[in-house]
Structures are given as structure tokens and as C-alpha cells.
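Please go through the points below with the model open.

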Amino acid sequence: MSDESEGPNIGEEMVKKVRRVKGGRRSKQSKTSSGPSLFSKGKDLLKGIQDEEDDSGHVDVAEQVRRLTKDKDEERPLDEVWGSKKRSTSWIWIILLAVIIPLIGVSIGISMLTKDKRGQEDEGFVPIVLSSGDEDEIPSPHAWFDEDSMVMLEEAVRIIRAINSSESPADFIGSVRTSAYREFNPVDLSQWSSPVVIKTLQDISWALPTVKSPGASDVTTKGFLQINARRENRDPVSIFFVEEDGKLLLDWDATTVWSEMPVAEVLEKKPRGGALLRAKIEKKASYDEVINGVTYSGYLVTSADGADFFFCYVPLSSEKRRLDDERIKTILNYGRFIGRLRGNLPLTMRVRYGDGKGGGKRFEIVDLIHDKWVRP
């Protein structure tokens, strides 16, 4: 009984104590609830930080990762960064090519527009002016003219005027070039049909062509002076001069376009033995013929004044004939990729009628002596 009476008393005391504790907690919580709690302060602090970030712009997690990656890339070398991002420099080359190629095209166009015109033909002749060059190079065939061009031009005019006013060849024969054909082509004033009108240097034009024998080296190339003017009867005339032993001489054979048989006489007499001929020549593919399996390379041969002409052929039946044909084509620039076809050019050749064996009914070019009319 005594035990049972004590039990309830202890439980009540414990209950009371517990209640005090609970009551104490309530009282403490009630006291703190009246003011800002620690949790509230922390919450306010985080909110303030968030507000500050909102003022400067919200940064989410993806943006923060990107910024960190960017900062790392900026600290790395440029080549390493580009390689990590798989970037290519091909676009740089595309831009450079887009700029350089048009510049090259413009440069080529300007050079073509401003190129030297001295190589253009003047009545069938191609003026070529070469510099004297260095000692180790081939000397210019016009070095004698380049040294003092005005003296040479004035001397040429003096010789022409002397022929105009002379009464016999003896008055100017000292200014005429010697020739192996002088017996067949003597210096005769009757061939100077009409005086050449030269009052001033404005009445003439001049060119500096070159000539050499077929197959000869460039060292043997001979340069000459060509004076173009008009006679009193208004006919055009070309007068040719060469330099020998420091003296300017007139080439009588070339100036008078002397031939063993002129074109008109070749047409009339049809020489089967051949004859030396100075004439003008041109070529077209339509002039060629094939007879009995042999190709005949055809040319149109015309007199100096253009009054007479005939077709003449080179039978490509031997190595020499093929070589002569190729040399004539080179002179005319026929079938060449560079430059335009030339026509009506002066040529010195040997022609005949027939095949040289008593047969044949066409004119043939037997031999190419040299291009142009001035003897090398």
C-alpha cells in the first residue's frame, strides 16, 4: 500500500516538471517570436544578396559555367583556343585570294594596254629596236644607229637628196653598197623614176628591221635602216640603208626590188631553171594541195606594187623542202599560237616552174634565200 501510494506522487511531480519544461520552451519561443529570429535574418541576408545580383543582371548556372570557360580560354594562347574550338583559318586564305587575283588581272591588263607598239607592221615590215646590251650579251645589230640616231637619219636624208639632184651615178656611187649582182643590176637613175620628197624629217618615217640567212646564228643578224617616204608622183617608196665599216650605205638592190625575173616576167616566161625573186608573200590553209599523196604547201606571191601575182608551192617531199616551208611559216607566224598571222611580207627566194625534171605545171619555191629584201 505504501508503494502504491508513493507511485502516483512521483508521476505527478515528473509530469509537472515536464510541463514546466514545455512551458519554459513555449515562453522562450514566445519571447523570441516577438522579435526577428536567426532564420529570418539569414533569409533577409540572402534576399539582399539576391537583390544585388538582380540589380546587376541575373546570372543563372549556365551563364556562370560559360563565364568560367571564357576566362580560362582568355588565359590560354590564341592558337590553342582556336584548336580547342575546331576553328579553321581557311576563310583568311579565301579573303586573300579574293583580293590578290583581281589585282593580278588588273596588272596584266595595264601591261597589255601599255605595251610597246614598235613591233607593229608598217607596210609589211616589222620594225625591231634592240638595246646594245652588256658585253657578255650578243651586241645589238643596231648599235651603230643607237649611238647617234640623229646623225644617221640626217646622213640617210643627205644621200636621198643627193640622188634626187644628181646627173649621173658617179655623184653618189660612193654611198651605195656593193653587190654581187651589180652587173645584172647596175646603178641607173632611170630606176629612180621620181624624186623622193623630203623637206623636213616630218616627211619620213623610219624603222629598224633585222635580217639573217636561214639557219644562221643570232650573231650574224644584220640590222638595217628603212626610210619610208613618197615620191613627187605620190607613190610610196621604201629606201634601205646598211652600215659597213662605220659608214652608212644605200642598198640599191633592195631599194629597187631587183630580181633576176620580176613577177610579171616569171608569169610570162615560166623559168624551169629557176630565178631569184624579190616579192611579197602570204599564206592561207586553202592554198594547200595534196597531189599523188604529196602535200604542196601553197603561198600567194605578189609583186612589190601589187599589180601581179601567182600561186607558188613547196612540195613537202624532202627534208630540205619541209625545213624551208617551216622557215617561211615562221616568218609569217603561220600556225603559231603566239602573235597574229602576218601577210604580204617581203621575201627573197628562188622560184621555178615545174618540178625541175621537165614536168609539173605549177610554180615551186626552190630555195628560201632570206627574209626581207636586204641582203644579210
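Is Glu326 buried, partly exposed or exposed? Glu326 is partly exposed, at a relative accessible area of 37%; here buried means under 20% relative accessible area, exposed over 50%, and partly exposed in between, with a 1.4 Å probe and protein chains only.

1. Basis. This is a predicted model, in which local features need pLDDT of at least 70 and side-chain atom pairs count only at pLDDT 80 or more, while totals for chains, interfaces and linings use all residues. Residues are numbered from 1 along each chain as its sequence is written, and side-chain values use heavy atoms, with hydrogens and water left out.

2. Salt bridges overall. The structure contains 17 salt bridges, the term being used for a side-chain nitrogen of Lys or Arg within 4 Å of a carboxyl oxygen of Asp or Glu.

3. Arg177 and Asp251. These two side chains form a salt bridge with an N to O distance of 2.8 Å. The partners are 74 residues apart and link distant parts of the chain: Arg177 is in the loop between helix H7 (149–165) and strand S1 (196–197), and Asp251 is in the loop between strand S7 (247–250) and helix H8 (252–255). Helices (H or I, at least four residues) and strands (E, at least two) are DSSP runs, numbered from the N terminus. Arg177 is buried at 4% relative accessibility, and Asp251 is buried with a relative accessible area of 4%.

4. Lys283 and Asp288. In this salt bridge the closest N and O atoms are 2.6 Å apart. Lys283 is buried, at 2%, whereas Asp288 is partly exposed, at 31%.

5. Arg336 and Glu326. The closest N and O atoms of this salt bridge are 3.3 Å apart. Arg336 sits in the loop between helix H10 (319–332) and strand S12 (345–353) while Glu326 belongs to helix H10, so the pair ties together parts ten residues apart in sequence. Arg336 is partly exposed, at 32% relative accessibility. Both residues also belong to a network of salt bridges that links them with Asp325 and Lys329.

6. Positive phi at Val257. This residue, which is not a glycine, has a positive phi near 50°. Val257 is placed in the loop between H8 and helix H9 (263–269) and is partly exposed, at 22% relative accessibility.

7. Positive phi at Lys270. Phi is positive here too, at about 50°, although Lys270 is not a glycine. Lys270 lies in the loop between H9 and strand S8 (275–282), and its relative accessible area of 35% makes it partly exposed.
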